[in-house]
Each structure stands twice: as C-alpha cells, then as structure tokens.
Amino acid sequence: MTRTLIIDDEPLATEIIREYLEDYPQFEIVGICYNGFEGLKAIQELSPDLIFLDIQMPKINGLELLELLENPPAVIFTTAFDNYAMKAFDAHAIDYLLKPISKTRFQKSIEKFGQSNPNAAHEPNQQDQTPDNTDRIVLKNKNQIKIIPVSEVLYLEANDDYVNIYTKEGKFLKNKTLTFYEKNLDSSQFVRVHRSFMVKIQEIHKIEPYEKDSHHLILRNGAKIPVSKTGLPKLKSVLGI
C-alpha cells in the first residue's frame, strides 16, 4: 500500500483527488489537510509515501512546507497556476497537475509515480529550491514554524550550509546559503559586504576604518559587520559615495 496524503485548501480539489484515487486500491488515503500547517503536522505524524500538494495555500504555501521537511515524501503538485512549474520540478516533484485536473492527466501522474525512483523523490535539492514568497522567510524555531517578514531582517550571516537571520527579536537559523539570499533578495534593499555577511541598506549607520586597509559597518542596533575589499566598492555604490 502507498500511504497517501492530500494537502489542498480547496475542498472541491481534495474531493476530486479522493474520487480519482478510488480507482487505485493500492493507494491508501491516510489524511486530507486544508492548509500548510495541518499538512506539515500530518506528514510528521503519518509518514506518507506520497503527497498531493497544492502550492497556493494560506499560512504557508506548498513550496515553503517542503523546505521545512528534512526527508520529504514523494510529491505531486496540484495548482491552478502554471507559473510554478519550474519551482515545482526544482523541488524534485514527480508531477505537476494543473486544475481542473482531468482523470486522464491524473492517471499519467500515477504512472509517473510508479515509474519513479522512490529514493530520488525523497531527496529534494534544498539549496536550489526557490521560495514562492520573497517577502518572507519561513523556518523552524524550537519545533515551531516562524514566519519572518523580510522587512524585519536586519542582516544575514553565513553559517556553513545555513544562514543566521538577525531581527530585533534575535537570531534564527535557516537551511539556505548566503548566496541563495544574495540572488533572491531585493538588491536595492540588501547588499553583500563580505563573504559571510549581507546587510539591509537602511540599517547602516556608518562605515569605520578597522585595522590596516579594512573597514567595518556599524548598524543602527550597534552591530559591527566586517566589510571585505570586494564588498567595499559595492557598498559605496549602493550608498552613492
């Protein structure tokens, strides 16, 4: 039996998937969830082999949900929007179903799941995944989901394959690289000043000399951030000096 979980905020969509699965007795529906929080909890508690996952959902979306899982199950995305296809396949989705879902198209997804390598479906590339929302950062903090608006981020610090996100509340750890955020955050709001640091431009208070031929930033909250030789020209450029 293939333990199957449906996660979609549209009751009609979940009912259609449930009905289509009735033709496949080898698939056992272990649960139906109507938002990302419910889905995350159900995945952790029920350990499904396959999830049918909507992308646009309240609270946290489908792509953000996958980022929070260390060992995601196989995924078939279901969505009314075709502009998420590349992001879905970057997340190693088995298939991408556009609503309204036809029975014939659904059958092809089931066939793809049967042909797929289960191990590959459980190992998404976390670093290549692109979040749906670039105005917020979703992460786990002490077994709880934390949603940080980008507007509240003061600076970011590289931490091996993770990034420390600093806000007025404190420091939070996210399983992304600093390079990822350099590519995805608005360059008019954030600047990378060092291989290990990115700062919000409006939080910069002043630049000070530090030792020989080096500088550091003083942020509005008093934090001191090193500026590398390559970071200094970029910093001067965004500040217009």
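In which helix does Leu239 lie? Leu239 belongs to helix α8, residues 231-239; helices here are DSSP runs of H or I with at least four residues, strands are runs of E with at least two, and both are numbered from the N terminus. The model is predicted, so local features need pLDDT of at least 70 and side-chain atom pairs count only at pLDDT 80 or more, while totals for chains, interfaces and linings use all residues. Residues are numbered from 1 along each chain as its sequence is written, and side-chain values use heavy atoms, with hydrogens and water left out.

Leu239 has a relative accessible area of 32% and is therefore partly exposed; buried means under 20%, exposed over 50%, and partly exposed in between, with a 1.4 Å probe and protein chains only. Together with Val238 and Ile241, Leu239 forms a nonpolar patch on the surface with about 250 Å² of accessible area. Patches are made of residues with over 30% relative accessible area and no salt bridge, like charges being joined within 9 Å and nonpolar side chains (Val, Leu, Ile, Met, Phe, Trp, Tyr) within 5 Å. The areas come from the Shrake-Rupley method with a 1.4 Å probe, and for residues only the protein chains shown count as cover.

Glu182 pairs with Lys234, with 3.7 Å between the closest N and O atoms. Glu182 is in helix α7 (residues 178-184) and Lys234 in helix α8, so this pair ties together parts 52 residues apart in sequence. Both ends are partly exposed, because Glu182 has a relative accessibility of 33% and Lys234 one of 36%.

The structure holds 15 salt bridges. Another of them joins Asp54 and Lys99, whose closest N and O atoms are 3.6 Å apart. Asp54 lies in strand β3 (residues 50-54) and Lys99 in the loop between β5 (95-98) and α5 (103-115), so the bridge connects parts 45 residues apart in sequence. Asp54 is buried at 2% relative accessible area, and Lys99 counts as buried at 17%.

Arg136 and Glu64 meet in a salt bridge of 2.6 Å, N to O. Glu64 is buried, because its relative accessibility is 3%.

Strand β6 pairs with strand β7 (residues 144-149) in the antiparallel sense over six bridges; two strands pair if DSSP finds at least two bridges between them. Arg136 stands opposite Pro149 in β7. The two strands form a hairpin with two residues between them, and Lys142 in the turn has a positive phi of about 55 degrees.

Phe172 lies in strand β10, residues 170-174, and counts as buried at 8% relative accessibility. Setting aside residues up to four places away in sequence, Phe172 touches Leu139, Asn141, Lys146, Ile148, Val163, Asn164, Ile165 and Thr167; contact means heavy atoms within 4.5 Å.

Lys200, in strand β12 (residues 197-200), is buried yet has no salt bridge. The nearest side chain of opposite charge is Glu203, 5.4 Å away; Lys and Arg count as positive and Asp and Glu as negative, with His and the chain ends not counted.

Note on methods
Salt bridge = Lys/Arg side-chain N within 4 Å of Asp/Glu carboxyl O.
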